[in-house]
Amino acid sequence: MTDWPLWRRRLQQIGERRLLILSGSEAWAMAQAVFLCGENRLWVGQAPLGHETQAAGKIQRYLGREYDTLVYNAYSGLHPDAFGALLGTVTAGGLVLLLCPPLADWPGYADPDLARYVALPEQAAGLESRFIRRFVSLLRQDPQVLLWQQGSPPPALPALPDTPWLRRRDRRGCLNQEQRQALARILRAARRRQPLVLTADRGRGKSSLLGLAAARLLDAGYRVLLTAPSPAAAARALEHSSQRLPFIAPDALLAQHPPTDLLLVDEAAAIPAPMLLNLARRYCCIFASTEHGYEGTGLGFQLKFQPALARLAPNWQKYHLDTPARWSPRDPLEPLVFRLLALDADPPAPPVGGALSFRYVCRQQLEDHDILLQQVFGLLTLAHYQTRPSDLRQLLDAPGLELALACRDHTPVAAALLVREGKLDPALGQAVWCGQRRPRGHLLPQSLAFHGGFKTAGDFSYRRIMRIVVHPHCQQQGIGSRLLSWLKQRGGADFLGTSFGASPELLRFWQHNDFRAVRVGLVADAVSGLHAAMMLWPCSRPAHRTLPAWRGQFSANLSYYREGLLQALPETWWQSLHLCPPLPMPALDTAIARGFAFAHRDLMADQAVLARFALAATPFTPLDRKHRALLHALLSPGATPVAVAPEYGLSGQKAAVRQLRTIIQHFFPCPHPPSPILDC
């Protein structure tokens, strides 16, 4: 009989981890997992009765902990982000148990995770997963992966190397030469009050080093504080400082401004970049973080925050750790997950010269040519700071996606990823406009209908450019604009559109290519600090006729928000937007006001329209003094219901919005008079 306990003890001695696939029926796979997993386990997905389990989408609080066994039930859905992130919780000597259908059948299995990539649940029915087919192929190719199939005996346990993994801390508490150098860098940066960024893949000991450095600095009389996205994320640093290191949350730091000589920022990539920059302006900071984005944040730290830090503090330093500390450098599990999720996908160096060619690439070509897939995904990763493993699955599996490439000598130098949207069923489009439905996907028509108020937005077809990127060595050569021109020539929809974080530079790029703004987000993105902008280029005659009216209404609304919610945006931003003269549509204003009063439209999206409507229209039933005062207060530029509510004895935002709906009903024939303002 296979001696699993003895083999796992040997695995621990050499400091390595393994993946075991349990392939068969779900009941059989769960039964074998119960037999193999010990007490210190994390079970994700459906589990047998009596076993604690966690959903793949809710695993944040488990990251940073350590387990001997990870049981991942892929019958509940293969969530790429969760799978990649959770493998980092498995300790040296640990085992990952992957429960899945028979490998030949798995790509055709009705994977629950596919529902995240379709607009309507029924669209996932019958989809074959290219992502899982590639996943299975890579698993089969890895000789270190163990496979136990239902109906077959357990796999023969392979022989393990005799060389033990020596893991001893030196007198400083470090485990290897890289850690010693990193500790010296942290201490020197603290003495010189010089910002330092410490990066590594997970399991390299970044958090431990922060704790060790803090203990040394506290002994020397320095005032040191620690911050992180959550107390759980700071646990390892606190442990290695002997619990002497005060922890304070990032928002509390910025609100309270406690004095300190040094601020240690752990898991920095999970903190919004604008918040990190504010901390860097106020304190001497040591930032520690992972750069590979299992959760989609690492790349933002690299692409957005670090260049901004360099402008703020030109003397900043960076140190990268390569040597693992929590498992042996020979451990095969981390390289495997990098291959499975294309975490190290890197675009190739482009040819120096040569003619450009443009073409569409279908997903079958990406599946058949993994090198091309890696090149393309590497390019697309450069285009967005929140790229995560789920984006790879979206690229391979999501229906309605199109990929266009610009190539030199068959080498991709630019790429555009597009998705087809719009042509909503009329009943669904009306429900979206009223605020009653919010189906997944269809970003442009849904946002233009609900936030912009354009009732016909769902009737049009769109090709939304999700990402467009040019290789850094080929930028400033007009390649991105030429790729857009090529896409315009191919039409294929009423509108070519885009939605992006609107920096002045990006606004100028899209304006230069004749795209025109039709919506701006009223709240800045937490990670980028930028307001979203939606821009359109009309392809069809109906689109050409409609766009000027949408732009006039948008400009009229934006002039209102410029006095309130958007007043902090700089003049250069407004100049980059190239607004047309305001030209509101009274009939549309009336329809939106009616939709707000009697349906579920959003106050902040409709605030400008409601202010215009209330000023121009006459109530069917008179407003009393309290109604008039609340109407004026809630429709003043910059007003928010949560701020206005206490002044009128209302319990909060929802109560204030309810009262405003009641007041706006006065402007329409209504069989029952609105209720008075209540003390909610």
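Select K423, which is exposed, with a relative accessible area of 58%; exposed means over 50% relative accessible area, buried under 20% and partly exposed in between, with a 1.4 Å probe and protein chains only. This is a predicted model, in which local features need pLDDT of at least 70 and side-chain atom pairs count only at pLDDT 80 or more, while totals for chains, interfaces and linings use all residues. Residues are numbered from 1 along each chain as its sequence is written, and side-chain values use heavy atoms, with hydrogens and water left out.

**Two residues with positive phi**

Stay on K423. Its phi is positive, about 55°, although K423 is not a glycine. K423 lies in the loop between β13 (411-422) and α15 (426-434). Helices here are DSSP runs of H or I with at least four residues, strands are runs of E with at least two, and both are numbered from the N terminus.

Next select H442, in the loop between α15 and α16 (443-450). H442 is not a glycine either, and its phi is positive, near 55°. Is H442 buried or exposed? At 18% relative accessibility, H442 counts as buried.

**Strand β14**

Select R463, which lies in strand β14. R463 is buried, with a relative accessible area of 2%. Contact means heavy atoms within 4.5 Å. Not counting residues up to four places away in sequence, R463 touches Y360, E402, L418, V419, R420, L487, G491, G492, A493, F495, L496 and G497.

Now select D391 and R467, whose side chains meet in a salt bridge (3.3 Å, N to O). A salt bridge is a side-chain nitrogen of Lys or Arg within 4 Å of a carboxyl oxygen of Asp or Glu. The pair links distant parts of the chain: D391 is in helix α14 (residues 389-397) and R467 in strand β14 (residues 461-470), 76 residues apart. Both D391 and R467 are buried.

**Other salt bridges**

How many salt bridges does the structure hold? There are 28 salt bridges. Select E66 and R326 for one of them, with the closest N and O atoms 3.6 Å apart. This pair links distant parts of the chain, 260 residues apart: E66 sits in the loop between β2 (41-44) and β3 (67-73), and R326 in the loop between β10 (317-321) and α11 (333-341). E66 counts as partly exposed at 33% relative accessibility, whereas R326 counts as buried at 18%.

Then select R130 and E367, whose side chains form a salt bridge (3.6 Å, N to O). This pair also links distant parts of the chain: R130 belongs to helix α4 (residues 130-141) and E367 to helix α12 (residues 363-368), 237 residues apart. R130 is partly exposed, with a relative accessible area of 22%.

To see a network of salt bridges, select D111, D113, R116, R393 and D397, which are linked in one.

**Helix α2**

Select helix α2 (residues 26-36), where W28, A29, M30, Q32, A33 and L36 are buried. An α-helix has 3.6 residues a turn, so residues three or four places apart point the same way. What do the buried residues of α2 pack against? They pack against α1 (4-14), β1 (18-23), β2, β3, β4 (90-100) and β5 (146-149).

**Helices α5 and α6**

Select helix α5 (residues 177-192) together with helix α6 (residues 206-219); they pack at an angle of about 45°, with their axes 10 Å apart. Axes are lines fitted to C-alpha atoms, for helices over the stretch in contact, and angles run from 0 to 180 degrees between N-to-C directions. The two helices, α5 and α6, are therefore oblique to each other; angles under 35 degrees count as roughly parallel, over 145 as roughly antiparallel, 65 to 115 as roughly perpendicular and the rest as oblique.

**Strand β16**

Finish at R519, in strand β16 (residues 516-520). R519 is buried, with a relative accessible area of 17%. Leaving aside neighbours within four places in sequence, R519 is in contact with S447, L448, H451, A532, A533, M534 and F554. The C-alpha atoms of R519 and A189 are separated by 45 Å, and the two residues are 330 residues apart along the chain.
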